[in-house]
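Let us walk through this structure one part at a time.

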Amino acid sequence: MKTYLIEKYGDQSAVRAAELPEPEPGADDVLVKIHAASVNPLDFKIRDGGFKMILPYRLPLVLGNDLAGVVVQVGSAVTRFAVGDEVYARPDKDRIGTFAEYIAVHQNDLAPKPATLTMTEAASLPLVALTSWQALVERAQVQPGQKVLIHAGSGGVGTIALQLARHLGAHVATTASAANAELVKELGADVVIDYRTQDFEEVLDGYDVVLDTVGGETLERSLRILKPGGKVISIVGPPDADFVRELGANPVLRQAMNVLSLKTRRHTKRQGVTYSFLFMKADGDQLREITRLVEAGKIRPGVDRVFPFDQTREAMEYAEKGRAKAGKVVIATV
């Protein structure tokens with residue numbers, strides 16, 4: 001089968017097309033013919049080696065973290081899917097590789113594709129929708145009437161998180177460019193901050209939750225708009241102690257990560273708020289909940305552009321250079 005992989009960590013030049021054997025599904029696995037995959041910032045960080053300390057992949061490594069496709073084979077212990085089912089997923093972090101024609105995925109990481117979506121639309125959702133769900137529902141436990149700030153509302157995570165926060169009944173603010181102000185309002189934003197001309201610290205105050213997708217100075221400033229007891233959840237900030245424990249990191253790595261998050265932890269203690277780092281997990285049951293929201297019209301995907309499979313490198317470059325105006329970049333394999 002055709003794939004796009006890396007044999008060493010590096011920039012975009014490290015990505016190349018290669019032929020590999022089709023994967024052999026295990027007893028609990030489903031073999032999926034991939035029809036579409038989407039590009040995420042996580043792909044660039046993995047390619048660059050940015051996560052090699054915490055995700056020690058064996059090289060060569062097929063890239064890609066999202067898929068939609070059709071089941072072509074099931075393992076002997078599979079009970080949730082049958083050949084011919086249309087599915088979508090974010091594979092487990094240890095089993096990525098959706099920039100390929102086929103992939104074997106554990107049945108618990110898959111969900112039925114929303115019937116109302118095309119393959120390319122469905123492929124844009126799993127990673128960003130699971131990230132949004134795990135941040136706002138699972139971790140923040142957002143309640144009706146709470147005030148939630150979602151940074152970068154026109155981005156891949158932002159476009160879905162806005163819709164989910166609105167569904168949960170929150171009062172939602174977001175940062176975006178003026179060009180995308182109407183889009184993010186349509187998706188659920190009650191307050192739109194033009195990040196180029198406005199300081200969100202001067203406009204917002206007393207928020208219950210911040211979903212940080214930017215990191216750095218933006219994360220530090222976000223702590224100051226929270227009310228006492230508020231929560232900031234970051235998908236790009238420094239790892240926290242809970243993540244390090246889940247990872248089972250060795251003592252040296254634990255100490256290094258504690259140093260990285262020291263400044264943020266001091267700030268949160270001073271502000272009387274909490275900080276947590278989120279590295280989303282594959283979860284087919286949560287994806288089924290998202291499917292229900294999609295089919296009920298509560299969440300719709302945002303696709304900026306679709307590239308053919310033989311232009312996977314170009315799709316990654318397009319996404320990495322920030323050319324997407326809103327939503328996701330998708331690769332059509334079929």
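Helix 1 spans residues 41-48, and its buried residues are Leu 42, Asp 43, Phe 44, Ile 46 and Arg 47. Buried means under 20% relative accessible area, with a 1.4 Å probe and protein chains only. Helices here are DSSP runs of H or I with at least four residues, strands are E runs of at least two, and both are numbered from the N terminus. These buried residues pack against strands 1, 2, 3 and 4, and against helix 3 and helix 11. Gly 49 follows helix 1, with a positive phi near 90°.

This is a predicted model: local features need pLDDT of at least 70, side-chain atom pairs count only at pLDDT 80 or more, and totals for chains, interfaces and linings use all residues. Residues are numbered from 1 along each chain as its sequence is written, and side-chain values use heavy atoms, without hydrogens and water.

Now take helix 3 (residues 126-139). It packs with helix 10 (residues 284-295) at about 100°, their axes 10 Å apart. Axes are lines fitted to C-alpha atoms over the stretch in contact, and angles run from 0 to 180 degrees between N-to-C directions. The helices are therefore roughly perpendicular, a term for angles of 65 to 115 degrees. Contact means heavy atoms within 4.5 Å. Helix 3 brings residues including Trp 133, and helix 10 brings residues including Ile 290.

Definitions and conventions:
Angles under 35 degrees count as roughly parallel, over 145 as roughly antiparallel, 65 to 115 as roughly perpendicular and the rest as oblique. Buried means under 20% relative accessible area, exposed over 50%, partly exposed in between (1.4 Å probe, protein chains only).
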